[in-house]
Amino acid sequence: MVLKQVFLCALVVLSVSADHPLWRKLEGDLSEEPEVELLQEVNEAYRLPTVTVPTHYNLHLKTAIHQNNRQFQGTVEIFFNVLESTDTVTVHNRRLSIWKVTLYSVSGEVQTELESPEFSTDAETEHLAIKHSSVMEPGSYMVKLEFNGGLQDNNNQGFFASSYLDNDGKRHYLASSKFEPTHARSAFPCFDEPKLKATFTLSITHSKDYNAVANMPQDGALIPDVDDADYVTTKFQKSTKMSTYLLAFAVSNFRIRTSGYQTVYARPNVYEETEYPLQAGVDILNALSAYTGVEYTKYMPKMTQIAIPDRGSGAMENWGLVTYGEPVLLFNPAINSYRTKKNVDTIIAHEYAHQWFGNLVSPDWWSYIWLNEGFATVYEYLAAQLAYPETNYWDLWAVEVIHNAFSADARESVRPMTWNAATPSEIAGLFDTVAYDKSGSVLNMFRVAFQDDNWREGLVSYFNSRELDGAVADHLYEGIQFAVSGKDVLPKAFNVKDVMDSWTTVAGFPLLTVRRDYKTGEIVVSQERFYSDRQLPNDHVYHVPYNYATKSTPNFETLSFEWLSTKATKLTTTIPAEDWVIFNKQQTGYYRVNYDAKNWQLITDALQQNPSAVHVQNRAQLINDAYNLARAERLDLTVPLNLMTYLKQETSYPPWAAASSVLTYFNNKLRGTSQYQYFINYVTQLIQPIYSVHSVDSVPDTETTMEKYLKQTITTWACRVGLQDCITRTGNALRTAVAANTPVHPDIATVVYCYGLHQTGQTEFVWLYERLLASKNQAERAVLIDSLGCSQEKEFLKSFLMTSIGSGATFNFLETERTRIVSSVYSASRVGVDALLEFLSDGSLIDEFVSRLGQSTLNSAVSNIASRTNNVEELEQLEGLLNALGEKISANTATSARTTARNNMAWFNTLEGLVAEEFFGAYTQ
């Protein structure tokens with residue numbers, strides 16, 4: 001076959017030239033979030049003057065994207081009010097060529113031309129100052145700007161171009177927009193700040209063979225272009241009042257699937273994959289309308305979802321036109337797994353939640369972006385759960401959101417939720433873990449503590465008071481305060497603002513330390529800010545909602561709360577000395593908990609005797625808390641490692657998800673060392689009982705979503721530690737699939753393909769590679785790329801790496817897929833790291849690698865190789881690579897790589913390393 005010949009040709013080329021490796025999610029991303037310097041002072045010169053405000057835009061654009069013409073033309077009429085006498089109206093402009101400006105006064109429907117004023121753009125602030133020759137008194141005006149611009153090249157910013165291949169291999173081009181946070185100004189001059197809302201009337205001239213879609217429905221029939229019969233103009237209805245960052249449009253030749261007032265747009269050759277997201281959109285929007293008590297259609301007449309090729313895996317909540325990367329919208333049950341389906345459900349829910357949180361009420365300024373993203377993160381899970389209760393998506397909340405937030409929020413340099421910014425880069429930097437996971441965790445904590453009915457009543461008050469306007473945190477507090485007054489859900493003498501500000505305006509989160517007096521029953525509970533790598537004095541007091549369960553009263557389902565509003569408090573109880581105590585029932589609170597040694601032992605004993613005596617979310621919490629407390633040197637490392645031995649009886653996913661993160665850490669530290677086998681023995685003993693009841697090579701019809709998550713976790717570890725039954729079954733399943741030329745069930749494909757390659761050869765590798773080239777589904781392609789990186793044959797992996805820099809129709813990879821090939825190779829195993837080392841050491845390939853994939857990909861590859869360097873031999877290989885690369889990488893990159901590798905080796909002389917080594921050795925003996 002041609003594809004096989006091309007692939008094997010690449011292999012031959014490599015065999016006479018060089019070798020190389022790269023990454024994969026299987027063993028986790030070993031890199032840590034960069035430290036950021038906390039600077040609250042911002043340059044307010046980037047903000048627009050407050051003497052003018054927009055009211056309406058008439059925007060017309062013309063594009064020839066069907067010809068891959070990257071230029072566009074535009075005209076915008078900006079209607080605005082002058083609030084204070086001024087001779088200048090200032091708007092934003094990023095790299096647009098303004099060739100004509102005309103200023104008008106407006107009285108009712110009458111527009112009177114004043115002049116063609118002088119104008120200039122400050123490239124630094126991106127302020128376009130339009131200066132009238134005389135003073136404009138308070139009143140209504142309009143400025144008309146005629147301009148040209150260039151489509152950005154598939155960078156998911158502003159007005160940008162994308163493309164796709166049809167079934168005949170012909171490339172088609174499209175243009176779409178993504179304006180959040182500061183990119184509307186690159187498509188048309190505008191007041192590009194979130195509070196400066198206006199209405200929009202949009203029209204787009206485009207090829208008659210293409211269609212245009214925007215926030216609002218089309219207004220009337222297509223209008224033929226009088227100058228060119230090959231073009232038509234699509235005009236859209238006047239929009240709801242909204243921020244510039246929410247305006248959206250796309251021009252393409254996509255097909256459309258419709259259900260009521262909802263539609264899905266996608267390229268024609270994936271049309272079949274739009275059926276599920278359309279129905280999910282209907283179900284989830286109905287669930288959110290019912291939950292909020294505010295009907296979506298009160299403000300917007302339609303909802304469109306559009307799948308943009310090669311956009312990555314993100315999405316954007318534009319009001320009435322939500323844009324997605326294909327992997328998180330399109331779904332084909334024949335080839336996409338339960339995880340893809342979960343991603344589709346929850347990301348639709350996230351973007352649809354924004355229709356209320358961000359679109360109906362927008363942040364007054366980006367410092368309050370958590371009012372958008374925090375709420376959307378909560379309802380990403382909650383709305384999906386409401387729409388599809390059988391999935392139990394909410395069971396994933398703590399392990400996917402709270403635990404992830406903890407990791408980023410435990411650094412000294414982290415910012416608080418409310419944090420100012422001015423420049424575009426500063427604003428973009430606010431879209432981080434704090435904005436999403438930390439803010440979502442804090443908001444959900446208060447949702448539960450204040451009670452969901454009160455919370456919903458407060459949100460309705462918030463929506464009603466701020467609809468179609470901007471909001472600051474105090475506006476939310478006022479709505480919640482209205483709902484909870486007299487309900488006895490607040491700490492005495494404090495209001496909602498006091499309580500919530502103690503979390504939103506201060507960085508980090510608390511550690512509650514619980515000390516028991518086993519003779520008197522008294523409990524002392526204290527709070528301090530938790531840091532992952534240090535202990536520092538801190539006077540701040542968080543208002544912490546807490547509760548606890550005991551062995552005698554294991555009332556985990558009852559979620560009532562007391563408040564810790566001081567640094568410490570003493571509780572008088574009659575808890576028997578032999579009872580365990582567990583704080584933070586169901587881990588609804590955003591804080592860690594530490595206990596005295598005896599209580600940790602009581603908890604460990606209870607879990608080993610009967611895990612179901614403790615709520616499943618608290619079992620996950622205990623693993624995550626104990627491990628991270630040990631890593632912060634606040635708890636003996638043997639505590640979490642002993643506690644986790646109960647996992648032999650654990651049959652639920654959340655605790656295994658928490659444990660998998662712990663096991664991944666030690667796997668990465670110990671692989672390639674003399675201690676690794678002891679760790680393998682430890683893991684094997686934990687997983688064998690649960691592995692024996694889950695089939696790695698079949699999918700029962702009765703298997704639930706959470707059972708699928710559990711099975712994939714357990715079987716991945718079983719194959720990773722070399723359990724022979726797992727390796728044999730995956731190998732046989734892959735051979736069977738190849739022989740029948742039929743893919744395995746998508747819910748087991750990740751494990752079967754990856755570990756099946758450990759026991760198979762060229763035939764199976766080429767079969768998976770050809771499936772990759774033939775696939776048009778980006779989510780499936782990602783699974784196949786990651787699976788190919790699992791091969792244990794270096795020559796195959798180097799050939800695979802060669803395809804990442806290949807060109808021509810044979811190598812039909814998206815740019816994001818090319819870098820994923822690299823990461824799939826170095827992430828799967830040490831064999832892949834070795835392959836990448838050899839590949840990057842080949843001087844004849846490195847220039848092409850950088851040219852095709854970019855310097856950042858090379859730097860990342862070097863960094864990840866260093867992160868996976870654990871012994872003297874591997875350090876020598878790293879040194880050889882750094883020497884071979886020479887000036888191809890910076891001195892800082894090389895120094896950082898050497899430091900990382902040496903720190904890995906020095907870990908065995910740290911307290912953590914010594915205790916882990918002793919524990920695993922003693923445990924298996």
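Visitor: Is Ala 620 buried or exposed?

Guide: In this predicted model, Ala 620 is buried, because its relative accessible area is 0%, and the cut-off for buried is under 20%. Ala 620 sits in helix α12.

Visitor: Which residues is Ala 620 in contact with, leaving aside its neighbours within four places in sequence?

Guide: Ala 620 is in contact with Val 399, His 403, Pro 654, Pro 655 and Ala 658. As for a residue elsewhere along the chain, Gln 587 is 33 residues away from Ala 620, and the two C-alpha atoms are separated by 8.8 Å.

Visitor: How are two packed helices described?

Guide: By the angle between their axes and the distance between those axes. Take helix α12, residues 616-631, and helix α14, residues 653-670: their axes come within 7 Å and cross at roughly 20 degrees. That makes α12 roughly parallel to α14, since angles under 35 degrees count as such. The crossing in which α12 passes α14 is left-handed.

Visitor: Which residues of α12 and α14 meet?

Guide: From α12 come Val 616, Gln 617, Arg 619, Ala 620, Ile 623, Asn 624, Tyr 627 and Arg 631; from α14 come Pro 654, Pro 655, Ala 658, Ala 659, Val 662, Tyr 665 and Phe 666. Sorted by class, this contact has 11 nonpolar, 2 polar and 2 charged residues. Pro 654, Pro 655 and Ala 658 were already named as contacts of Ala 620.

Visitor: At what angle do helix α19 and helix α20 pack?

Guide: Helix α19 (residues 762-774) and helix α20 (residues 778-788) pack at about 155 degrees, and their axes are 9 Å apart. The two are therefore roughly antiparallel to each other, as angles over 145 are counted that way. Here too the handedness can be read: α19 passes α20 in a left-handed crossing.

Visitor: Which residues form the contact of α19 with α20?

Guide: On the α19 side they are Phe 765, Leu 768, Tyr 769, Arg 771, Leu 772 and Leu 773, and these meet Glu 780, Arg 781, Leu 784, Ile 785 and Leu 788 of α20. The division by class is 8 nonpolar, no polar and 3 charged.

Visitor: Now for the strands. Where is Leu 103 found?

Guide: Leu 103 belongs to strand β4, which covers residues 97-107. With a relative accessibility of 1%, Leu 103 counts as buried. Beyond its neighbours within four places in sequence, Leu 103 is in contact with Phe 80, Thr 112, Glu 113, Leu 114, Glu 115, Pro 117, His 132, Met 136, Met 142 and Val 143. Sequence distance and spatial distance can also be read side by side: Leu 103 and Lys 144 are 41 residues apart in sequence, while their C-alpha atoms are 6.4 Å apart in space.

Visitor: What does Thr 52 touch, not counting residues up to four places away in sequence?

Guide: Thr 52 touches Phe 80, Asn 81, Val 82, Thr 86, Thr 88, Val 89 and Phe 191. Phe 80 is also one of the contacts of Leu 103. Thr 52 is found in strand β1, residues 52-63, and counts as buried at 3% relative accessibility.

Visitor: What lies 3.0 Å from a polar atom of the side chain of Asn 211?

Guide: The backbone oxygen of Phe 254 lies at that distance from the Asn 211 side-chain atom. Asn 211 is in strand β13, residues 211-214. Its relative accessible area is 19%, so Asn 211 is buried, the limit being under 20%.

Visitor: Next, the backbone in the loops. Is the peptide bond from Glu 180 to Pro 181 cis or trans?

Guide: That bond is cis, with omega near 0 degrees. Pro 181 is in the loop between β11 (171-178) and β12 (199-207).

Visitor: What is the phi of Ala 493?

Guide: Ala 493 has a positive phi of about 75 degrees, although Ala 493 is not a glycine. This residue lies in the loop between α9 (473-484) and α10 (496-504). Ala 493 is exposed, because its relative accessible area is 80% and the exposed class begins over 50%. Gln 586, likewise not a glycine, has a positive phi near 60 degrees. Gln 586 lies in the loop between β30 (581-583) and β31 (592-595).

Technical notes:
Residues are numbered from 1 along each chain as its sequence is written. This is a predicted model: local features need pLDDT of at least 70, side-chain atom pairs count only at pLDDT 80 or more; totals for chains, interfaces and linings use all residues. Side-chain values use heavy atoms; hydrogens and water are left out. Axes are lines fitted to C-alpha atoms, for helices over the stretch in contact, and angles run from 0 to 180 degrees between N-to-C directions. Helices (H or I, at least four residues) and strands (E, at least two) are DSSP runs, numbered from the N terminus. Angles under 35 degrees count as roughly parallel, over 145 as roughly antiparallel, 65 to 115 as roughly perpendicular and the rest as oblique. A crossing is left-handed if the near helix is turned anticlockwise from the far one by less than a right angle, and right-handed if clockwise. Contact means heavy atoms within 4.5 Å. Ala, Val, Leu, Ile, Met, Phe, Trp, Tyr, Cys and Pro count as nonpolar, Asp, Glu, Lys and Arg as charged, and the others, Gly among them, as polar. Buried means under 20% relative accessible area, exposed over 50%, partly exposed in between (1.4 Å probe, protein chains only). A polar contact is a pair of N or O atoms within 3.5 Å; within protein, one must be able to donate a hydrogen and the other to accept it, and residues adjacent in sequence count only if both atoms are side-chain atoms.
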